[in-house]
Amino acid sequence: MTCQLVRILVYLIVTRSDISHAVHIVRTLIHGLHFSAESSLKLRGYYDADWAGDLTDRRSTTGYCFFLGDSLISWCSKKQTVVAHSSTEAEYHALVDTTQELFWFLRLLEDMGVTHSCATTISCDNRSAI
């Protein structure tokens with residue numbers, strides 16, 4: 001019955017745009033980020049890069065994600081803007097992108113009134129970069 005009601009409301013959005021926000025809230029109640037009260041607010045980051053993964057232009061791909069406590073809050077995968085000459089260089093470029101994102105998160109948490117006094121761990125799997 002609930003699904004049918006939501007479908008009817010979605011149909012009504014076509015003619016009644018003023019209720020669209022409320023209908024979308026109803027549709028997305030089960031989606032979202034869950035922050036447990038027992039979870040810490042420690043920020044952790046992970047990153048990785050493939051070396052020359054694109055066969056046409058030999059550019060590497062950076063991937064990183066961030067956790068706040070136990071919850072995944074951000075992830076990204078993008079092609080690097082430069083051609084790395086080694087896997088270590090590709091990892092360093094990925095580290096730069098990850099660190100820039102980390103600083104943005106720290107400023108965002110600060111703006112939200114969350115103090116983050118401990119060091120943030122950024123992990124990778126490349127021995128040369130470590």
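Modeller: Happy to; we'll take the labels one by one. This is a predicted model, where local features need pLDDT of at least 70, side-chain atom pairs count only at pLDDT 80 or more, and totals for chains, interfaces and linings use all residues. Residues are numbered from 1 along each chain as its sequence is written, and side-chain values use heavy atoms, with hydrogens and water left out.

Colleague: Let's start with helix 3: how do you know that its span agrees with its 25 residues?

Modeller: Helices are DSSP runs of H or I with at least four residues, strands are runs of E with at least two, and both are numbered from the N terminus. The expected span is 1.5 Å times one less than the number of residues. For helix 3, residues 87-111, that should be 36 Å, and the end C-alpha atoms are 36 Å apart, so the two agree. After helix 3 comes G113, with a positive phi near 85°.

Colleague: Why is F105 called buried, and what is W104 called at 45% relative accessibility?

Modeller: Buried means under 20% relative accessible area, exposed means over 50%, and partly exposed lies in between (1.4 Å probe, protein chains only). F105 has 8%, so F105 is buried. W104, at 45%, therefore counts as partly exposed.

Colleague: What makes W104 and F105 an edge-to-face pair?

Modeller: Rings of Phe, Tyr and Trp (its six-membered ring) pair if their centres lie within 6.5 Å; planes under 30 degrees apart are stacked, over 60 edge-to-face, and the rest tilted. A search of the whole structure gives 4 aromatic pairs. In the W104 and F105 pair the centres are 5.2 Å apart and the planes 70° apart, which is edge-to-face.

Colleague: Which residues touch the most other members of the largest nonpolar core?

Modeller: A nonpolar core is a set of buried Ala, Val, Leu, Ile, Met, Phe, Trp, Tyr and Cys residues joined through side-chain atoms within 4.5 Å. The largest has 13 residues, and L43, Y47 and F66 touch the most other members. Helix 3 gives the most to this core, with 5 residues.

Colleague: Last one: is T56 buried or exposed, and what does its side chain contact?

Modeller: T56 sits in the loop between strand 1 and strand 2. Its relative accessibility is 73%, so T56 counts as exposed. A polar contact is a pair of N or O atoms within 3.5 Å; within protein, one must be able to donate a hydrogen and the other to accept it, and residues adjacent in sequence count only if both atoms are side-chain atoms. The side chains of T56 and D54 make such a contact at 2.6 Å.
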